[in-house]
Amino acid sequence: MTLKEVEEHRKVPPAQLMAREGELLLAALPKAGSGLVMVALDQRGKPLSSEQLANHVRQWRDSGTDDLAFLIGGADGLSVAVRQKANFILSLGAMTCAASAGARAAGRAALPRPVHPHRTSYHRA
């Protein structure tokens with residue numbers, strides 16, 4: 001897993017900051033056409049169980065996805081542009097993280113553990 005953080009250092013209004021952070025996030029991604037799947041973490045997204053998320057990741061992998069990017073916004077969330085470009089919008093629930101460290105921890109928690117190809121369940125039997 002590679003973690004890339006982007007940050008706008010200038011003092012700008014919240015709406016402008018969210019748009020700029022979105023531009024920086026999109027610019028940090030591998031170029032289009034590289035088999036990239038973008039998952040935006042947003043409270044308006046679809047909530048999934050760990051098993052459901054693992055199934056999505058497995059399907060993306062099996063369909064030839066080269067890169068899987070989980071996009072986490074700043075204090076004001078993700079820009080409309082990022083949400084529109086995302087292949088999937090995932091909700092981790094109603095929780096909010098006050099600091100970027102909390103957002104990173106939530107992003108890592110969203111990553112499923114590897115499932116052996118011969119196992120039928122994400123969870124232990």
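Which residue's side chain meets that of D62 in a salt bridge? The partner is R61, at 2.9 Å from N to O. A salt bridge here is a side-chain nitrogen of Lys or Arg within 4 Å of a carboxyl oxygen of Asp or Glu. The structure holds 3 salt bridges.

This is a predicted model, where local features need pLDDT of at least 70 and side-chain atom pairs count only at pLDDT 80 or more, while totals for chains, interfaces and linings use all residues. Residues are numbered from 1 along each chain as its sequence is written, and side-chain values use heavy atoms, with hydrogens and water left out.

**Terms for position and exposure**

- Helices (H or I, at least four residues) and strands (E, at least two) are DSSP runs, numbered from the N terminus.
- Buried means under 20% relative accessible area, exposed means over 50%, and partly exposed lies in between (1.4 Å probe, protein chains only).

**Salt bridges**

- D62, the partner of R61, counts as exposed because its relative accessibility is 56%.
- R44 and D42 also join their side chains in a salt bridge, with 2.9 Å from N to O.
- R44 is exposed, at 56% relative accessibility.
- D42 is buried, because its relative accessible area is 7%.
- R20 pairs with E23, and their closest N and O atoms are 3.1 Å apart.
- R20 and E23 are separated by about one helical turn, because they lie 3 residues apart in helix α1.
- R20 is partly exposed, at 29% relative accessibility.
- E23 is partly exposed too, with a relative accessible area of 47%.

**L25 in helix α1**

- L25 sits in helix α1, which covers residues 14–28.
- L25 counts as buried, because its relative accessibility is 13%.
- Leaving aside residues up to four places away in sequence, L25 touches V6, L71, I72 and L78. Contact means heavy atoms within 4.5 Å.
- E5 is 20 residues from L25 in sequence, and their C-alpha atoms are 8.1 Å apart in space.

**L92 in a loop**

- L92 belongs to the loop between β3 (88–91) and α4 (100–110).
- L92 is partly exposed, because its relative accessible area is 34%.
- K46 is 46 residues from L92 along the chain, and 8.3 Å separates their C-alpha atoms.
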